[in-house]
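Please keep the sequence and the coordinates in view while reading.

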Amino acid sequence: MFKTLQNAFKIKDIRQKLIYTFLMLVVVRLGSQLPVPGVNRTFFANWLAAQTGDAFNLLDAFTGGSLASMSIFALGINPYITSSIIIQLLTIAIPKLEEMQKDGEDGRKKLQNITRYVTVALALIEGIAMTVGFGNQGLLENATWYNMAVVVVALTAGSAFLMWVGERINQNGVGNGISIVLLINIVSRMPDDFVALYTKFMSGKSVAMAVLAAVIIAAVILVTVVFVIILQDGERRIPVQYSKKLQGRKVIGGQSTNIPMKVHSAGVMPIIFAVTLLQFPGMIASFWPQSGFALWWGRWMNSATIPYNIIFAILIVALGYFYNMVTFNPVEVSKNIQQYGGFIPGIRPGKPTSDYLAKISSRLTLFGGLFLALLATLPGLIAGLVGTNIMALTATGVLISVSVALETSKQLESQMLMRHYKGFLK
């Protein structure tokens, strides 16, 4: 990663992209300090400290502490993530949206516009729910309709602005904009998380116990990082042989290549999607804190409990399958191989090839999903044994951060490689 950055800074246009991305992230962090007008900034900080569940704690981590400080970015990029999930689901159910997805660049632009509108609508709904639900509990200094409207507009505008920042990073920066915004938010919270771990496990303990706790925490983080790297880089290469053809006086074809199939092509997105989905019941329950459902959710549905981790793991595997189904079409791959005179050794062209690719893809997705689910839930189960969810939150942040950093590094490498090819052609 550091070597990639070092090489990237030597190239002028990529250096400009990196500087642009850095400046946009500075804007994000400055915006995280701007308070929403008319709110009690200590309300959410005190309220979050009293919560036993992880719904709002994870959301606060994803917003880089903006929720606790009630800044204009308190909703974060979660409305955009949720909107993307909804649109991807609808592309399967609605033929018109499926046509847009297959309609090249124009279709993708139309889908992107729809995603933006849904993002603003979701941000508006979440802003209203948060303002009305907590307005009379102490969130607003003066709970009038005008003040509520100002808060809702500020929260909606903040979420829309973060979406715009992510798109600008995609267009003018290094790419992977939304994930990079999420990365910088999580990284900004890590010092506080490590201080909390120190306070919980090492402060006031004997030297031997403090060293043992530090070794265990470091081991969990190191294992998480190593296995994420293995999972991100792992792939199975399907060999493809192209038959020789006589074209004029030349014999073309006859070459061998392969189809690289990632062990887990979805990357870290299933974890982000799963966390987003698990937040909604907790948010709804928080509006009626004394209800039976809210009490049950606060007791059993946090990262240190077995029911939460079982549901979390199931969602990760299921969303991995869904993401793979949207992004990989074995029928189209099979048609493209056959169209160019290729075949997989030992597999007949046509439907047998598509069935073979679908079977391989399904097995890889299952293995990758189970592996990712283990990485995501094991720290939570360990945290349950020691009686705190701080370790689970820290491990989840490390997991997402490493995955996004690896994806961004590969994107930078591909941009440098493309520039090399362009320079060679010139």
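Axes are lines fitted to C-alpha atoms, for helices over the stretch in contact, and angles run from 0 to 180 degrees between N-to-C directions. Helices themselves are DSSP runs of H or I with at least four residues, numbered from the N terminus. The model is predicted, with local features requiring pLDDT of at least 70 and side-chain atom pairs pLDDT 80 or more, while totals for chains, interfaces and linings use all residues. Residues are numbered from 1 along each chain as its sequence is written, and side-chain values use heavy atoms, without hydrogens and water.

Helix α8 covers residues 104–139.

The axes of α8 and helix α9 (residues 145–172) come within 8 Å and cross at roughly 145°. Their contact (heavy atoms within 4.5 Å) involves residues including R116, L124 and G127 of α8 and V152, L155 and E167 of α9.

Aromatic rings of Phe, Tyr and Trp (its six-membered ring) pair if their centres lie within 6.5 Å; planes under 30 degrees apart are stacked, over 60 edge-to-face, and the rest tilted. The count comes to five aromatic pairs. F227 and F371 form an edge-to-face pair, 5.4 Å centre to centre with 70° between the planes. Because F227 lies in helix α11 and F371 in helix α16, the pair ties together parts 144 residues apart in sequence.

Note on methods:
Helix = DSSP H or I, 4+ residues; strand = E, 2+ residues; numbered from the N terminus. Expected span 1.5 Å × (residues − 1).
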